Amino acid sequence: MAQHVAQPTATTPALPAKLPIGAIVPWAVFFGILMLVLLYFVGAEQGATSVVSGEGVHEWVHDARHLLGFPCH
């Protein structure tokens with residue numbers, strides 16, 4: 001019975017593709033603004049700085065507010 005042994009071959013390591021910085025900047029700005037808006041609604045949307053009248057936004061983000069350490073009571 002013959003056994004076949006795999007012989008190592010010389011291969012060049014695959015290099016990751018370079019992503020141009022110009023392709024990242026618009027996405028970074030978009031997600032940065034999105035995170036700031038989300039932080040505003042979770043942390044400051046009530047009282048004197050309220051953009052939306054009523055308690056609707058406060059009730060929707062109430063648990064997230066406590067989880068992140070923002071006081072609301």
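The legends below describe close-up views of a predicted model.

**View 1. The edge-to-face pair of Trp27 and Phe30.** In this predicted model the count of aromatic pairs comes to 3. One of them joins Trp27 and Phe30 in an edge-to-face arrangement, with 6.3 Å from centre to centre and 90° between the planes. Both residues belong to helix α1, which spans residues 21-43, and because they are 3 residues apart in this helix, about one helical turn separates them. Trp27 counts as exposed, its relative accessibility being 54%, while Phe30, with a relative accessible area of 43%, is partly exposed.

**View 2. The edge-to-face pair of Phe30 and Phe31.** Phe30, partly exposed at a relative accessible area of 43%, also forms an aromatic pair with Phe31, again edge-to-face, for which the centres are 5.1 Å apart and the angle between the planes is 70°.

**View 3. The cluster of Trp27, Phe30 and Phe31.** Through ring pairs, Trp27, Phe30 and Phe31 are linked into a cluster.

**View 4. A nonpolar patch on the surface.** The residues that form this patch are Leu19, Ile21, Ile24, Val25, Val29, Ile33 and Val37, and together they have about 650 Å² of accessible area. Ile24, one of the patch residues, is placed in helix α1 and counts as partly exposed, with a relative accessibility of 36%.

Notes: Residues numbered from 1 in each chain as written. Predicted model: local features only at pLDDT ≥ 70, side-chain atom pairs only at ≥ 80, totals over all residues. Heavy atoms only, no water. Phe/Tyr/Trp six-rings, centres within 6.5 Å; stacked < 30°, edge-to-face > 60°. Helix = DSSP H or I, 4+ residues; strand = E, 2+ residues; numbered from the N terminus. Buried < 20%, exposed > 50% of the residue type's maximum accessible area, 1.4 Å probe, protein only. Patch = residues over 30% accessible without salt bridge, like charges linked within 9 Å, V, L, I, M, F, W, Y side chains within 5 Å. Areas by Shrake-Rupley, 256 points an atom, 1.4 Å probe, with all protein chains shown as cover. Salt bridge = Lys/Arg side-chain N within 4 Å of Asp/Glu carboxyl O.
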